[in-house]
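Visitor: I'd like a close look at just one part of this model, please. Could you pick a spot in the backbone and walk me through it, then show me what else is worth a look?

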Protein chains: 2
Amino acid sequence: MDYSTLSTEALQTSLAAAKKRHAALVKEKLDLDLSRGKPCPEQLDLSMPLLNICNSTFKSPKGTDYRNYGFLDGVPELREVLAEILSVDPANVLVGGSNSLNLMYDVLSRAYCFGVCGATPWCKLPVVKFICPVPGYDRHFTLLETFGIQMISVPLGEDGPDMDLVEELVANDQNIKGMFCVPRFSNPTGIVYSDATVDRLMNMRTAATDFRIFWDNAYFAHDLYPDAPQLKNVFCDGNPNLDRFYMFVSTSKITFASGGISALVCSDKNFASMHKYLTAQTINYDKINQYAHAQFLQSKENLQQHMAKHAAILRPKFEVIIAALRQAFDGCKEVRWTEPKGGYFITITTMPRVAHRVIELCKKAGLKLTEAGCAHPLHMDDLDSTIRVAPSYANIDDLDLCASVLVASLEYATLEELCKK
Amino acid sequence: MDYSTLSTEALQTSLAAAKKRHAALVKEKLDLDLSRGKPCPEQLDLSMPLLNICNSTFKSPKGTDYRNYGFLDGVPELREVLAEILSVDPANVLVGGSNSLNLMYDVLSRAYCFGVCGATPWCKLPVVKFICPVPGYDRHFTLLETFGIQMISVPLGEDGPDMDLVEELVANDQNIKGMFCVPRFSNPTGIVYSDATVDRLMNMRTAATDFRIFWDNAYFAHDLYPDAPQLKNVFCDGNPNLDRFYMFVSTSKITFASGGISALVCSDKNFASMHKYLTAQTINYDKINQYAHAQFLQSKENLQQHMAKHAAILRPKFEVIIAALRQAFDGCKEVRWTEPKGGYFITITTMPRVAHRVIELCKKAGLKLTEAGCAHPLHMDDLDSTIRVAPSYANIDDLDLCASVLVASLEYATLEELCKK
């Protein structure tokens, strides 16, 4: 469909037809949900053997009883498995509790209360700012908002954030203390930061000496296709600013959304600085679960086999949505979308002033989408053009219906907007 | 032994004999440890059925899949079991991660960053002070030290802290923002706060409107004897200051030290205020483990039966130490000790300037005790007279030896001090 070729009358006829299709769907009283990146039950079933731990000994090779206190940094076996998977040193891996958001909150909270590696605590500064690639992940923005940190939006393109803008901002404003990134299969566009982008993030000059990048590698192993692009490892010899990166991962979408494990990877200096406060904060994270995860994950190779099973469940769901979008809007300038090679989200970009209306129309027809503005700081999508679609949780049999509602609502809202002109 | 009846020569003879007994023990090259309140392997074995969850459905009665995201406040079934056990409303129970220290850190950190229920954040105040009953728990003091909070020591007696002093302090100093208490089987003396003490804590007037008591009810179910004293419930109708209390519990010494669950109980107002920040901090704590705990703990009655098994393991260990102390120092003013009805610790009070020497002498003879000063803020035991003894972890067969080293070192150091006079 190429709306630009249509006359005013043709647009109005098309709008009437779209309204009719939408009204027919409303009548079906559907109850569908593409709002959150939740794994579906079949995915969760893949990890049930993880719970088969009742006959384990919970002993380390040296005989230490993991059921007891200790090992603040995590069970050594799991630190080693994660280090192999992530190509880092086990000594730089902290295994945390069941979600990485809490680790991010803790790192931010420590910077706020105590300062980064001896610098002034952020709570003592009049202004603290962060760079936020947009569209981005709503929970990152909520974290920053909670700590009263100002958010500077930077557009996220196909290769990552607009690096010319990022470099200029961080070089000239010492109040800019950090940046949140989802560098692989970005939430919500699904793009992967290019090597050139990663190089520039590693090498750029920052006015603030305590500038830190929250490298939320949430989808590090969440490939949907074998040819999915890889992400350059920031913990490599060529990085002159190793202290700049805190990398976060979790198994929430590998094992259990409610009971996985999370990990933080950072440089020796950051690790030592964190450790002092961590000793006050906790005794150890859940080592029973860590031990079970070490047994279950085993190795990088084993993880890849496991993730291929996830992909086999998820890929068809993405493909149903994308096929429907292609069929309805191929070549159309007013409705564009991403076709990610991994992760949990598709982003649809509408004409300005249309996204909230699409979400509203979907809701009327029984399809829940993430609320409008969710991918923008303070929920302010000034263009009102971003829609996040999360196909994972819905039943595969419902996906065609989801796609129909989505397409009908996109057509309706887009034509409505075009007819206003 | 009554040292006061001995002549100078008799003291010196006794010291020589004590040195000899100590030297004989040093020769045995022992490797004993009474330093930390860790459960022993037999105690941990009691909870292995908790891990027998591989065939569970992880479904709520309404069909919600607990393996997925959600239920920030905890699995409803576990909130209900804990509420029954603690005689509180399930709506006031937050189930957290694997240790309550982290919940305390979080509450303190939120007060520091964001303020208590709308009051000025503590990080914006020039001075914040807390009252610390002494002797107390080292990790509480470390928490306060980490946040730069000044600690005011108040003596802990047999019925709780010196309430005349507490009341006077909190009524007249608005910089005093809180107090840490271990109200039942206090760490390290094992005393239980009397009803009168609890009443005064509930009713006292505080200059600070954002004054909060961290009620660390770590040993709420950890009775060693059936006649152990009960603790008055602060979440009762008669408490005019329900908002004053944050109560913390955990199953670290009920199920697994490394993988239990923790809980925070607080008033509706505190709960609502906390919730706003908790939503930013995390998605959910480990619900797989929470579900398993709900199945395992079942009810108050079942918990009591389970804790009776713990007591059967622990009680003989306490009794070996106490019997040895009675035999050696009955009626002696220079060495006194507590005989707790529950919890994990015995406190020995020596003459001034002697405690560190006892700990040093024990170490020489292969018995590790908690470091001197541990029960005091900033590790400053000005009198140098408090020794914490934790009998739980050592093997029962080693307890006699532990007691011998302890007694010999106490005799040696006490006589040495008496001979100086």
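Guide: Let's start with A:Phe58, which counts as buried because it has 21 C-beta neighbours inside 10 Å, and the cut-off for buried is 20 or more. Keep in mind that this is a predicted model. To find A:Phe58, go to chain A and look in the loop between α2 (41–45) and α3 (76–86). Now check its backbone: A:Phe58 isn't a glycine, yet its phi is positive, at about 55 degrees.

You'll find B:Ser87 in the loop of chain B that runs between α3 (76–86) and β2 (93–95). The surroundings are another matter: B:Ser87 has 10 C-beta neighbours inside 10 Å, so it counts as exposed, the limit for that being 12 or fewer.

Most peptide bonds are trans. In chain A, though, the bond from A:Asn187 to A:Pro188 is cis, and its omega is near 15 degrees. A:Pro188 sits in the loop between β5 (176–181) and α7 (195–203) of chain A. Chain B has a cis bond to show you too, from B:Val134 to B:Pro135, with omega near 5 degrees. Look for B:Pro135 in the loop that links β3 (129–134) and α5 (138–146) of chain B.

Now zoom out to see how chain A is laid out. It's split into domain 1 (3–43 + 304–420) and domain 2 (56–298). Taken over C-alpha atoms, the centres of domain 1 and domain 2 of chain A are 31 Å apart. Where the two touch, domain 1 of chain A brings 23 residues to the contact and domain 2 of chain A brings 27 residues. On the domain 1 side, α10 (300–329), β10 (346–349) and β12 (386–389) of chain A supply at least two residues each. The top contributor to that side is α10(A), with five residues. Sort the domain 1 side of the contact in chain A by class and you get 13 nonpolar, six polar and four charged residues.

Conventions:
Residues numbered from 1 in each chain as written. Chains lettered and ligands numbered in written order. Predicted model: local features only at pLDDT ≥ 70, side-chain atom pairs only at ≥ 80, totals over all residues. Domains from an automatic or database assignment. Contact = placed C-beta atoms within 7 Å. Helix = DSSP H or I, 4+ residues; strand = E, 2+ residues; numbered from the N terminus. Nonpolar A, V, L, I, M, F, W, Y, C, P; charged D, E, K, R; others polar.
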